[in-house]
Amino acid sequence: MKRLLKIKTTWTPIWMIAFLMLCMISIYLPVFGGPSQRLTNFPLIIVNEDTGTSSLATAKEIGDHLIQAQNGHTFNWRIVPNKETAVKELKDNQAFGALIIPANYSDGITNLHHALMTGKTEGKPIMLEILINEGGGLSTTAIATNALESVATVASSDISKHLKEDLLKNNILLSPNIAFLMDAPIQYTMTNVLGLPENSNKGMTPFMLVLITSISGLMGVNMINGYMKNITAKLRDKDYLLTDTKVLVTELLLGVILALMVAFILQLAIFGFFRSSHSTSIWWIFLFTLFCCMTLYFQFKIVGLLFGKWGMLVMFPLNIMGVFASGGAVPVTSLPLIHRFFSTVLPTRYMVDGMRALLYYNGKLQAGLGTALLVIIIFFIIFLGSCIAVAYRIHRKELANI
């Protein structure tokens, strides 16, 4: 045993695993950077339908003051003309939430102020409406909800402050029936515009589909390669010669078969057994899943071909970075800069976007599916073409040695 421990290659698995765990921690921890983690261009919408005026406050103050205070490197606020446009944008996955300021906003503030000053009991709160695109997943929905609730709460506090100042100045005492309006003059309702059913897994199904396809590609490449090495070694011992080209082509073919099986099992489990909701045909989702499986398999295969026995040192961090940079569990806009960079150069981010469009947005191209298909096709051609190029080079060498 001492002799084995003195051989340097004996320690290779130890330091390789240690290195891979260090890579995983370095990728994993920055994603959850805590309260100091800032968003970047998180898309939200504001609709100002207010047509009145008020001496206390107007909807313009929400648009100018409150949004400006939260903007910069945090939210990307867009102004749209009406609620219908906002709903369409949310259903096309162009933003994650919208704040609707009604046409009677300013007039409602004036009427409430008048009711408090005169002691009337029929005062009503001013109602805002918050719309949420719940298809982005748990984190995205939580961020949009908190941001829009914060805007409504700050607006209410500002109006409440003005009302209290006027009441004190005029020594007015309120009846219990209307006093509560002084603390919450602005209230809001919240609506999920997609109306996803309970079995939508809170918008996480697209992420889980891509996560499993990525892991399957990583494991498939290494297991197929390992088993093929053992099989070819046994066949060669029996004087049955197999060229490296035939072995590689067989591995690529087995990868396609693996992709078919993984895509089929995923559909059967998610939509058959767990009965998760979906807005488009399962067949379209199956084809897209199959396309993703093959793309990721060929991605890891070309890495293995280029780096040989050190391929795992590249595949594993690549897989982890692809998972966390996909925007499936954590929105891309809240990721550190390095993760946002990899989200543009790895295919997993576009796979999640495409899955979301198929599952929650009726397969609309403008909801992310169009870009996803274009980018994944490019990746697929690059990865498969690279594998074929390596196979051709190996074949040329074999012919030259005959």
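## About the model

This is a predicted model, in which local features need pLDDT of at least 70, side-chain atom pairs count only at pLDDT 80 or more, and totals for chains, interfaces and linings use all residues. Residues are numbered from 1 along each chain as its sequence is written, and side-chain values use heavy atoms, with hydrogens and water left out.

## Two helices that cross

Two packed helices are described by the angle between their axes and the distance between the axes. Here, the axes of helix H8 (residues 205-237) and helix H9 (residues 244-273) come within 9 Å and cross at roughly 145°. Helices are DSSP runs of H or I with at least four residues, numbered from the N terminus. Axes are lines fitted to C-alpha atoms over the stretch in contact, and angles run from 0 to 180 degrees between N-to-C directions.

Residues of H8 that meet H9 include Ser216, Gly220 and Asn225, while on the H9 side Glu251, Gly255 and Leu258 are among them (contact means heavy atoms within 4.5 Å). By class, this contact has 10 nonpolar, 8 polar and 3 charged residues. Ala, Val, Leu, Ile, Met, Phe, Trp, Tyr, Cys and Pro count as nonpolar, Asp, Glu, Lys and Arg as charged, and the others, Gly among them, as polar.

## The largest pocket

A pocket is an open set of points on a 1 Å grid over the protein atoms alone, with protein on both sides within 12 Å along at least five of seven lines; a cavity is a set where a 1.4 Å probe fits but cannot get out, and lining residues have an atom within 4 Å of a point. Grid points are joined across faces, edges and corners, and a volume is the space filled by probe spheres set on the points.

The largest pocket has a volume of about 560 Å³. Its lining has 23 residues, with Asn225, Lys229, Glu251, Lys301 and Gly304 nearest the centre. H8 gives the most to this lining, with 8 residues.

## The cavities

How many cavities of 30 Å³ or more does the structure hold? There are 2. The largest cavity has about 50 Å³ of space, and H9 gives the most to its lining, with 4 residues. Among the lining residues are Ser216, Gly255 and Leu258. By class, the lining of the largest cavity has 5 nonpolar, 4 polar and no charged residues.

Methods: Helix = DSSP H or I, 4+ residues; strand = E, 2+ residues; numbered from the N terminus.
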